[in-house]
Structures are given as structure tokens and as C-alpha cells.
Amino acid sequence: MSVLVIVPALSIPLLSSQATTDLAWGPFGFNLSHAVGVVLFLGFLALRARAVHPLVLWLGSISYALYLAHASVIEVVRRVEAPAAVAFPVVILASLLVAWVLHRVVEIPSIRLGRRLSGPRTGESARASVRP
């Protein structure tokens, strides 16, 4: 059986046992997010040899900061209690903005500092290095 079937199937009892009245995702939401992730992965895998749009490259560069920031942004917007039609675009835009700031102010300087502290690279690893 494929991992595409096993992971969502195993998540149902796990998430059902953790269900509370304020849990918005539940088994359906978790399985849906898993399926969307798999479809996106397979789609990008199929397109990996093609030229990539600069917006996609930018999203890739801020992706870790976005991962770290999005939950905090969601919580702040949730406390405002705005209608979903307003809250959703605000969360998206605010998450992207916070992630971009984190990337520029924290992530890039930290990577540069780490490279300086680790010393000069030689040979194959120096040629493979990518600068942010």
C-alpha cells in the first residue's frame, strides 16, 4: 500500500482521539492538507527541469521563516475576531511580510555569520555553496 494512503489512514484515529470542540482541523482537514502537499510536491517534481518564476524562488527563500511565523500571525489575527473574508487575506499578507522581515533581518545575517565562523571552504564543498 502506498504511503499516500497509509499516512492519512493512520492520522484518523490519532486526530479523532485528540479532538476537542475548538479543534478546527480534525481528520478531514489534516488529510486534505496532506493530499494538497503531495499534489504540490508531485507537480513541482514534474516541473523541476523548467525555468522557475521569480515569485516561486522568493517564496522558497522565505519558506523557513514563513513556517516559523505563520502560526503566530494566525493567532494574532484570530484574537481580532475579524470575519473570515477579511482575516484570511490579512493572515496571508501579514505572514509573508513577517517571514520576509525575519529572512532579511535574522536568517541571512545568521547564515553569513555561520559561514564566517566555520572558516574557508575548500574543494567540492566550496563550489557547491550557494549564497543567500
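Residues are numbered from 1 along each chain as its sequence is written, and side-chain values use heavy atoms, without hydrogens or water. In this predicted model, local features need pLDDT of at least 70 and side-chain atom pairs pLDDT 80 or more, while totals for chains, interfaces and linings use all residues.

Helix α3 spans residues 54-80. Helices are DSSP runs (H or I, at least four residues), numbered from the N terminus. α3 is not straight: a bend of about 55° falls at S63. The bend is the angle between axes fitted to the seven residues ending at a residue and the seven starting there. The end C-alpha atoms of this 27-residue helix are only 33 Å apart, whereas a straight helix would reach 39 Å at 1.5 Å a residue. That expected span is 1.5 Å times one less than the number of residues. I62, A65, A69, V73 and V77 of α3 are buried. Buried means under 20% relative accessible area, exposed over 50%, and partly exposed in between (1.4 Å probe, protein chains only).

One aromatic pair was found. Y64 and Y67 form this pair, with 6.1 Å centre to centre and 35° between the planes, a tilted arrangement. Rings of Phe, Tyr and Trp (its six-membered ring) pair if their centres lie within 6.5 Å; planes under 30 degrees apart are stacked, over 60 edge-to-face, and the rest tilted. Both tyrosines lie in α3, three residues apart, about one turn of the helix. Y64 is partly exposed at 48% relative accessible area. Y67 is exposed, at 56%.

The largest pocket holds about 320 Å³. A pocket is an open set of points on a 1 Å grid over the protein atoms alone, with protein on both sides within 12 Å along at least five of seven lines; lining residues have an atom within 4 Å of a point. Volume is the space filled by probe spheres set on the points, which are joined across faces, edges and corners. L40, F44, V56, L59 and H70 form the lining. α3 gives the most, three residues. Four lining residues are nonpolar, one is polar and none is charged.

The second largest pocket has a volume of about 230 Å³. Its lining includes H70, I74, V77 and R78. α3 and α4 (84-118) each supply at least two residues, and the largest share, six, comes from α4. Nine lining residues are nonpolar, two polar and one charged. Ala, Val, Leu, Ile, Met, Phe, Trp, Tyr, Cys and Pro count as nonpolar, Asp, Glu, Lys and Arg as charged, and the others, Gly among them, as polar.

Technical notes. 1 Å grid on protein atoms, 1.4 Å probe; cavity = no way out; pocket = protein on both sides within 12 Å on 5 of 7 lines; lining within 4 Å.
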